[in-house]
Amino acid sequence: MIKLTPVRSEKVWGYEDWIASTHPDGAQKEFIELVKDYPLLVKIIQANDTLSVQVHPNDETAAKLEGPDAVGKTECWFVLDAAPDARLISGLNDNYSKEQMADAIAQGKTESLLNSISVKKGDFIFIPAGTVHAIGGGLRLLEVQQNCNITYRLYDWGRPREIHVEKALTSIVESGKNVKTETSAAPLTDFSCEYFELHKKDVKGGYSYINLDKDKVQLLYINSGNPVLHAVNQKTQKSTSIIAKAEEIYAVPYGEKITVEGTASVIKIIPRR
């Protein structure tokens, strides 16, 4: 079990803490020493202001637009904290062709296309690659995503940053996401997609598990509480214990048994590839 140290990235709207990363834009030395390359990237996002309206490509479109080594970005959000009126943009409010979207953007009517939803602390939202989205101000999120840092902006609320309309529209259409989105937020218990699994566990007393996912490192995120974590390597029987804090994350190698002792909420994050 290894505690990972966040890498902070300041933004015009707030900041990101990359809490589990081997990506070159924000790699953690201790994580690279353990896994070399990891298929997921985990962040904490503090949005004091609204992020740009953006989209990420899927694997096929990323390779087409950015080169054969590029991968796409499917992601999800777990709301850690939210202002009373906090909102997210997730998808479109109707079915639109690429030409209709391009016309609306050119006429300064991008906001008329967007599906906006209200969210609160504890909500979970899945954002498949190709989905138009934006994080509203007053939100703090845990983001789990593919290990990709490709972002195409459609609209930036008047801020003078680069916009990537053609690549964004291509990503939307080729992912089949240019249709009305009936997205709603829901509590997180267990979630699985093509790229990752999340399992949220509320602990009162104790909770133990073993990483039996051969050749894969799992992640354990401390959502709340100050539990004592005990780790035992099943092969060597070497053991370690640590008092954990909320928003810390730990890498759990194959064959390691973890016991969470105390009162806490934790989220296991497991790569599917």
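Lys 167 is partly exposed, with a relative accessible area of 32% (partly exposed sits between buried, under 20%, and exposed, over 50%, using a 1.4 Å probe and protein chains only). Before going on, a word on the ground rules: this is a predicted model, where local features need pLDDT of at least 70 and side-chain atom pairs count only at pLDDT 80 or more, while totals for chains, interfaces and linings use all residues. Residues are numbered from 1 along each chain as its sequence is written, and side-chain values use heavy atoms, with hydrogens and water left out.

Back to Lys 167. Its partner is Glu 66, and the two form a salt bridge whose closest N and O atoms are 3.1 Å apart (a salt bridge being a side-chain nitrogen of Lys or Arg within 4 Å of a carboxyl oxygen of Asp or Glu). Lys 167 sits in helix α4 (residues 165-174) and Glu 66 in helix α2 (residues 59-66), so this pair ties together parts that are 101 residues apart in sequence. Helices here are DSSP runs of H or I with at least four residues, strands are runs of E with at least two, and both are numbered from the N terminus.

Ala 168, Leu 169, Thr 170, Ser 171 and Ile 172 are its buried residues to look at. What do the buried residues of α4 pack against? They pack against β5 (53-55), α2, α3 (98-106) and β12 (152-155), with contact meaning heavy atoms within 4.5 Å. Once α4 is done, along comes Gly 176, with a positive phi near 70°.

Now for the meeting of α3 with α4. Two packed helices are described by the angle between their axes and the distance between the axes. For α3 and α4, the axes come within 10 Å and cross at roughly 145°; the axes are lines fitted to C-alpha atoms, for helices over the stretch in contact, and angles run from 0 to 180 degrees between N-to-C directions. The crossing of α3 past α4 is right-handed, a label given if the near helix is turned clockwise from the far one by less than a right angle, with anticlockwise being left-handed. On the α3 side you'll find Lys 98, Met 101, Ala 102 and Ile 105, and they meet Val 165, Glu 166, Leu 169, Thr 170, Ile 172 and Val 173 of α4. By type, the residues of this contact split into seven nonpolar, one polar and two charged (Ala, Val, Leu, Ile, Met, Phe, Trp, Tyr, Cys and Pro count as nonpolar, Asp, Glu, Lys and Arg as charged, and the others, Gly among them, as polar).

How many salt bridges are there? The count comes to 18. One of them joins Glu 248 to Lys 3, with the closest N and O atoms 3.1 Å apart. This pair links distant parts of the chain: Glu 248 is in the loop between β18 (239-243) and β19 (249-252), Lys 3 is in strand β1 (residues 2-3), and 245 residues separate them. Glu 248 is buried at 13% relative accessible area, whereas Lys 3 is partly exposed at 40%. Another salt bridge brings together the side chains of Glu 16 and Lys 43, at 3.6 Å from N to O. Here strand β3 (residues 14-20) supplies Glu 16 and strand β4 (residues 40-47) supplies Lys 43, 27 residues apart. Both Glu 16 and Lys 43 are buried. There is also a salt-bridge network linking Asp 49, Asp 156, Arg 159 and Arg 161.

Cys 76 is in no disulfide, and the nearest cysteine sulfur, that of Cys 193, is 7.0 Å away. Cys 76 is buried, at 1% relative accessibility. As for Cys 148, its sulfur is 14 Å from the closest cysteine sulfur, in Cys 193, which is too far for a bond. Cys 148 is buried too, with a relative accessible area of 2%.

Pro 6, in the loop between β1 and β2 (7-11), is partly exposed at 42%. Leaving aside residues up to four places away in sequence, Pro 6 touches Asp 17, Trp 18, Ile 19 and Gln 28. Trp 157, in the loop between β12 and α4, has a positive phi near 55° without being a glycine.

Conventions. Disulfide = S-S within 2.5 Å.
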